[in-house]
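Have a look at it, then read on.

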Amino acid sequence: MGRQQGWFAFILALAISAAVILYTNGLRLGLDLRGGSQLTLQVMPAGAIKQVDRQQLEAVKDVLDRRINGLGVAESTLQTVGNDQLVLQLPGEQDPSRAAKVLGTTALLEFRAQKPGTEKQMQGLLTLKRQAESILAATRPTPETPSPPASLLKAADLAKAMAPLGIKVSPTASEADQLDQLLNEVNRRILSLYGPPLLTGRDLTSAGRQQQSSGNSWEVTLGFDRAGGEKFAGLTQSIAGTGRVLGIVLDGRSISEATVGPQFKTAGITGGSASISGNFTAEAARDLEVQLRGGSLPLPVKIVEVKSVGPSLGAENIRTSLLAGSAGLGLVALFMAVVYRLPGIVSVLTLSLYALFNLAIYSALQVTLTLPGIAGFILSVGMAVDANVLIFERVKEELRSGNTLIRSIDTGFSLAFSSIFDGHFTGLISCLALFFLGTGLVKGFAVTLFIGLALSLFTALTCTRTLLRLLMSYPGLRRPTNFLPARQLPSAL
Amino acid sequence: MACTLSLLGMVLCWLNPTIAAPLLPGLDFTGGTQIQLERACAPGACSALTVAQIQAQLGGLTLPQEGQDRSPNLSSSGVQLLDAGKTVVLRLPALSPDQGRAVVDQFSARLGPLRTEGTAINTIGPTLGSRLLQASLISLLVSFAAIAAYISFRYNGVFAFLALVCLAHDVLITCGVFAWLGLLRGVEVDSLFTVSLITVAGYSVTDTVVVYDRIREQSKSLAQLPVSEQVDVAVDATLTRSLYTSLTTLLPLFGLIFFGGSSLFWFAVALAIGIAVGSWSSIGLAPTLLPLFSARSAR
């Protein structure tokens, strides 16, 4: 009996420490339970790189980490997944569109001088660009004009502008779509008039923003390092007074075109600083500043998954799964107590211990609990009961064949062991497959089910047995009728 | 019989031009955007809103353009009304976060106030979708193979083969039921469905193992009996516990089905079907097949 009491003390100590862990660490809830946004970014191979590897992924992560810090989002986490994916979690954030914009673009900044002899073409393209942009801006809904007119142009005028650019217009396309198409083509042509990039975002040491002296729009200020400052001076000197423009190109789009006055003919613009005035709103200027400070991405990324869950929806998910869990467990407890009597009640006790241990392990290992994770937990409880059923059926069988109570219990446990072990082991195999090959939510399910199965081997074989043996030391409880109905007992007993 | 029906369901699904796959693939596998909106009104007291009305509104939305891509046309999107019109679920082509936001804002402006805390947006890019599908199939096959390897190590090849037959039977029927559900009710399968299949597979083997373990254990004491009678004795002895273990696993699942909310409903249903079928196959199918195959291997 001494050994049983030793085990009992051990289990009690475990239960207390589990409760303490759970109380101090708490549980980490996934975004589907607490509300928030999650973005999955895939790093795309580009140029000479055909296959993204770990090192490149880390390089991309470094840049994105700096950008996220620049955005100042509380509690966000960025983790690498596999060889080419990154997952950004923004707890509490319901609108991931800003983060998506700032993180999803490469932010490759280039300064390029216009080629000589293309002045006339450039003039025409820039005029077209300004016109198209202003019409598009007028048709876009804003807080002041929530439903602007869908069309401002005569179809014939638009067609006349498009024709020389060689754009085929589908008759069903909306005006906005057609203008977008026009702008893309104009941009492509402007780029072809630029020389090679002589100065890039790599030459920057700082970036900032300021409101322009006239109007509401913002500009982004840049500071170059020494080499960059010299390149900028050379670049501006080469076009000063010629009427050719200096193009500022961001991710393959010409965002600003500036002429340089004749007074810079001798030395170019010196001082190592410049500003981009591309008609930015306050937010757009800040986003670009954050991107330029963080540096451009070594490889482009694509947003492949976006999830956002409102906080009340998360709370609802917690409520329903708590309800489902307690209803399911209540039914199981009732079933066990009715079918197996005393040991059934013992198993309900061990199941409560089991649930406590499970939660404590989640808390200690910092497992993030998601909705499928909770399903895994509920299911593992069902499977943990299985082990008890197998044991108690065996015990009943031994009792029916006339064995004494204590002996029946011991044989029951040892005979049921091999099938319990095999069953749990195959379950664990499935979990491993799910964990290593599955993604995201699937992993959450695999983790909780795995912990549950491994733990159930311990609680079913140790806790149930110890409690049962301990109760058997009280003569009042040591009656076979506590295990099965009297009519099923052999009369000899 | 059940297997034939299941296969028939999957074939019909495949022949159906709008599905063209054995099961109706959900957002996880096809890619797309799902937006769930909660209207700011008491359940039952919401102003009437029809699917056609919402579709018409969606068709008229203008979305911000994203890069070089054309913004998608939303007029043929799927619309579902839940909780007496309080909750609206939209199924759209894959949208950028900006565009998703625009849909929510414009919907709110045109079709009445929304409770923003109850909004959920879920976008899965098409490339990720096909990746998820691949990962799901691989994890299914790998777990089957690993389970078979373990059983043949612990028992023998015939047991492992039969356990796999049972497992395939359980998985097939679960798929078949969902093929029919997909055909008749438009129920989609997602990556959680794969999870349920793998769990069913693991569970089905667990159940079968209990019977096999018994057969092996008594094969010493009952060696003089023919295999079929040994099997009968083992099934008899394990019948109650097989039923009870399935029942104790089904009970928490019923909790999930009835109280777990919509996100886990079909997941729990798939698990419940698989476990119920698995319990039948381990009592009825695996033991009946065993004498057939052991006789052959003994000869």
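What follows is a look at chain B as a whole, and then at one residue of chain A.

Keep in mind that this is a predicted model.

**Chain B**

Let's begin with what chain B is built from: nine helices and four strands. Reading from the N terminus, they come in the order α-α-β-α-β-β-α-β-α-α-α-α-α. Chain B is more spread out than a compact globule, because its radius of gyration of 24 Å is well over the 19 Å that the globule rule gives for 299 residues.

| Chain B quantity | Value |
|---|---|
| Residues that count as buried, of 299 residues | 49% |
| Share of contacts with a separation of 6 or more that join residues 24 or more positions apart | 77% |

**A:Y362 in chain A**

Now over to chain A, where A:Y362 belongs to helix α10, which covers residues 311-365. Is A:Y362 buried or exposed? A:Y362 counts as buried, because it has 23 C-beta neighbours inside 10 Å, and 20 or more is what the label takes.

Which residues does A:Y362 touch, once neighbours within four places in sequence are left aside? Its contacts are then A:L27, A:V367 and A:L369. As for A:G36, it sits 326 residues away from A:Y362 along the chain, and their C-alpha atoms are 21 Å apart.

Methods
Residues are numbered from 1 along each chain as its sequence is written. Chains are lettered from A and ligands numbered from 1 in the order in which they are written. This is a predicted model: local features need pLDDT of at least 70, side-chain atom pairs count only at pLDDT 80 or more; totals for chains, interfaces and linings use all residues. Helices (H or I, at least four residues) and strands (E, at least two) are DSSP runs, numbered from the N terminus. A residue is buried if 20 or more other C-beta atoms lie within 10 Å of its own, exposed if 12 or fewer, and partly exposed in between; C-beta atoms are placed from the backbone. Two residues are in contact if their C-beta atoms, placed from the backbone, lie within 7 Å. The radius of gyration is taken over C-alpha atoms; the globule rule is 2.2 Å times the number of residues to the power 0.38.
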